[in-house]
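Hi,

Here is the structure I promised to pass on. Have a look at it first, and then read my notes below.

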Amino acid sequence: MSRAFVNEDNQEEAPLIPPRAPLPNGSINYVTPFGLQQLKSERVKLQEEMDSLPGDDDKAKRFSKQLIKGKLTLLDERIQSARLLSLSSEEKNEVRFGAIVTLKFEGENSSQTFQIVGVDEANVKDAKIAFTSPIARLLSGKKVGDQASLDLGNKTRKMSIVKISYD
């Protein structure tokens with residue numbers, strides 16, 4: 001059909017669905033029990049948001065509905081691909097997925113603690129880093145007292161592992 005006969009006013013723009021946290025190709029979508037619960041809670045909230053949209057079928061409602069459906073599709077894919085790892089079965093004296101790791105950086109008096117979690121659960125403010133991050137990959141398999149060096153381009157940060165737990 002020729003564009004000359006299309007009513008431009010009836011054309012609705014598809015919403016831009018924000019992508020989820022990236023998971024490298026071929027990576028398994030590991031999640032902690034808390035991370036899986038967060039994903040399921042997010043799904044409930046999105047469904048409630050969809051159900052509470054006003055009844056009138058205007059352009060804004062259709063746009064909102066498409067946006068929520070898109071988010072739900074991406075979220076459902078992530079939930080379906082999730083592989084729950086029980087933290088109680090992890091090797092307690094090694095850094096693995098789910099570990100809460102305390103590091104001491106060379107030349108600094110303070111220490112830094114973070115947990116290695118799934119990509120959807122990662123949040124720097126909550127001291128949770130993704131298992132796909134460079135520092136998590138660097139520390140994987142190390143034990144208390146082990147040292148590691150993280151190359152940051154023109155700078156190298158040396159660190160030692162002070163504590164590992166799976167609380």
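**What I found**

Let's start with helix 1, residues 33-51: its 19 residues reach 27 Å from the first C-alpha to the last, close to the 27 Å expected at 1.5 Å a residue. Keep in mind that this is a predicted model.

Which residues of helix 1 are buried? They are Gly35, Leu36, Leu39, Leu46 and Met50. These cover an arc of only 105° around the axis, so they sit on the same side of helix 1. Their cover includes strand 1 (29-31), helix 2 (59-81) and strand 2 (82-84). On the face turned away from that buried side you'll find the exposed residues Lys45, Glu48 and Asp51.

Next, the cores. The largest nonpolar core has 23 residues, and Val101, Leu103 and Leu139 touch the most other members. Two or more residues each come from strand 3 (100-105), strand 4 (111-117), strand 5 (128-130), helix 3 (134-139), strand 6 and strand 7. Leaving aside neighbours within four places in sequence, the contacts of Val101 include Phe114, Ile116, Leu139 and Ile161. Apart from this core lies another, of 10 residues, with Leu39, Leu53, Ile68 and Ile79 among them.

Strand 6 pairs with strand 7 (residues 156-165) in the antiparallel sense, over five bridges, and Gln147 stands opposite Ser160. The two strands form a hairpin with four residues between them, and Gly153 in the turn has a positive phi of about 80°.

Finally, the salt bridges: the count comes to seven. Arg20 pairs with Asp120, the closest N and O atoms being 3.2 Å apart. That links the segment before strand 1 to the loop between strand 4 and strand 5, 100 residues apart. Arg78 also meets Asp120, at 2.8 Å from N to O. Arg78 lies in helix 2 and Asp120 in that loop, so this pair ties together parts 42 residues apart in sequence. Is Arg78 buried or exposed? At 12% relative accessibility, Arg78 counts as buried, whereas Asp120 is partly exposed at 23%.

Another pair is Arg157 with Glu108, at 2.6 Å from N to O. Here strand 7 is linked to the loop between strand 3 and strand 4, 49 residues apart. Through shared partners, salt bridges also join Arg20, Glu42, Arg78 and Asp120 into one network.

Cheers

Methods:
Residues are numbered from 1 along each chain as its sequence is written. This is a predicted model: local features need pLDDT of at least 70, side-chain atom pairs count only at pLDDT 80 or more; totals for chains, interfaces and linings use all residues. Side-chain values use heavy atoms; hydrogens and water are left out. Two strands pair if DSSP finds at least two bridges between them. The expected span of a helix is 1.5 Å times one less than its number of residues. Buried means under 20% relative accessible area, exposed over 50%, partly exposed in between (1.4 Å probe, protein chains only). The arc is that of the directions from the helix axis to the C-beta atoms. Contact means heavy atoms within 4.5 Å. A nonpolar core is a set of buried Ala, Val, Leu, Ile, Met, Phe, Trp, Tyr and Cys residues joined through side-chain atoms within 4.5 Å. A salt bridge is a side-chain nitrogen of Lys or Arg within 4 Å of a carboxyl oxygen of Asp or Glu.
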